[in-house]
Structure formats: structure tokens, C-alpha cells
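Hello! Here is the structure I promised to pass on to you. Please have a look at it first, and then read my notes below.

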Amino acid sequence: MNKFKVGDRVLIAPTSSFYIGTPCNPINIIGTIQSISPGGCGISVLWDNKNRNGYNNYDLIYAESIEMFPIY
């Protein structure tokens, strides 16, 4: 079961292996889920920096969670 839906605003979770800070895996940049497909990395996210990548459920958190991980 997928906890996200198309249109949700998300961030890469700090616990994700994708939390590396590249243009396609940005840190502290919000993205929008574009599509969801079954299988590994089936959640397609378009980041606000105009890059796109695929993720699993556990790689993402809701954008409102950004308050839990402040930017210094």
C-alpha cells in the first residue's frame, strides 16, 4: 500500500540513501509526486528545481515535515 498520492508535496527523507544533495536528489527542495507505479522506485517526483527521479515509499516524507528537520 502506498501512503502517497499523485499531487502530494514531498521531500527526500534524511534516512533515505537518496539524501545526497545532487540536482536529481535534492536536499530541502520540495517536489510534487507526478505518478505512482508498482515496483521499486515507482514514485516519480518532479522537484521544484525542475529535475525528476523515482523513489520508494520509505525514501520520502510529506513536505510539511520540513519543520522537523530545520535548515541551518
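**What I found**

The hairpin of E2 and E3 has six residues between its strands, and Gly39 takes a positive phi near 105 degrees there. Strands here (E, at least two residues) are DSSP runs, as are helices (H or I, at least four residues), and both are numbered from the N terminus. Two strands pair if DSSP finds at least two bridges between them.

Before going on, a word on where this comes from. This is a predicted model, in which local features need pLDDT of at least 70 and side-chain atom pairs count only at pLDDT 80 or more, while totals for chains, interfaces and linings use all residues. Residues are numbered from 1 along each chain as its sequence is written, and side-chain values use heavy atoms, with hydrogens and water left out.

**The strands**

The protein chain has zero helices and five strands, and along the sequence its pattern reads β-β-β-β-β. E2 and E3 are antiparallel and pair over five bridges; Gly31, for example, has Trp47 in E3 as its bridge partner. E1 and E2 also run antiparallel, joined by two bridges, and Arg9 stands opposite Thr32 in E2.

**Two residues with a positive phi**

Most residues other than glycine have a negative phi. Which way do Asn28 and Cys41 go? Asn28 has a positive phi near 60 degrees, and Cys41 has a positive phi of about 50 degrees although it is not a glycine. Asn28 is placed in the loop between E1 and strand E2 (31-36), whereas Cys41 is in the loop between E2 and E3.

How covered are they? For this I use relative accessible area: buried means under 20%, exposed over 50%, and partly exposed in between (1.4 Å probe, protein chains only). Asn28 counts as partly exposed at 31%, and Cys41 counts as partly exposed at 36%.

**The core and its rings**

Which residues make up the largest nonpolar core? There are nine: Phe4, Val10, Ile12, Ile33, Ile43, Val45, Trp47, Tyr55 and Leu60. E1 and strand E3 (43-47) each supply at least two residues of this core, and the largest share, three residues, comes from E3. A nonpolar core is a set of buried Ala, Val, Leu, Ile, Met, Phe, Trp, Tyr and Cys residues joined through side-chain atoms within 4.5 Å.

Now for the aromatic rings. A search of the whole structure finds three aromatic pairs. In one of them, Phe4 and Tyr62 form a tilted pair, 4.8 Å centre to centre with 55 degrees between the planes. This pair links distant parts of the chain, 58 residues apart: Phe4 lies in the segment before strand E1 (9-12), and Tyr62 in strand E5 (residues 60-62). Phe4 counts as buried at 5% relative accessibility, while Tyr62 is partly exposed at 29%.

The rings of Trp47 and Tyr55 have their centres 5.7 Å apart and their planes at 80 degrees, so this pair is edge-to-face. The rule is that rings of Phe, Tyr and Trp (its six-membered ring) pair if their centres lie within 6.5 Å; planes under 30 degrees apart count as stacked, over 60 as edge-to-face and the rest as tilted.

What else does Tyr55 touch? Not counting residues up to four places away in sequence, its contacts (heavy atoms within 4.5 Å) include Ile12, Cys24, Asn25, Cys41, Gly42 and Leu60.

**Cysteines and the chain end**

How many disulfides are there? The count comes to zero, where a disulfide is a pair of cysteine sulfur atoms within 2.5 Å. Cys24 is partly exposed, with a relative accessible area of 33%.

Glu64 is found in the segment after E5 and is exposed, with a relative accessible area of 59%. Glu64 and Leu11 are 53 residues apart along the chain, and their C-alpha atoms are separated by 8.9 Å.

**The chain as a whole**

Buried residues make up 35% of the 72 residues in the protein chain. Of the contacts with a separation of 6 or more, 48% are between residues 24 or more positions apart.

Enjoy exploring!
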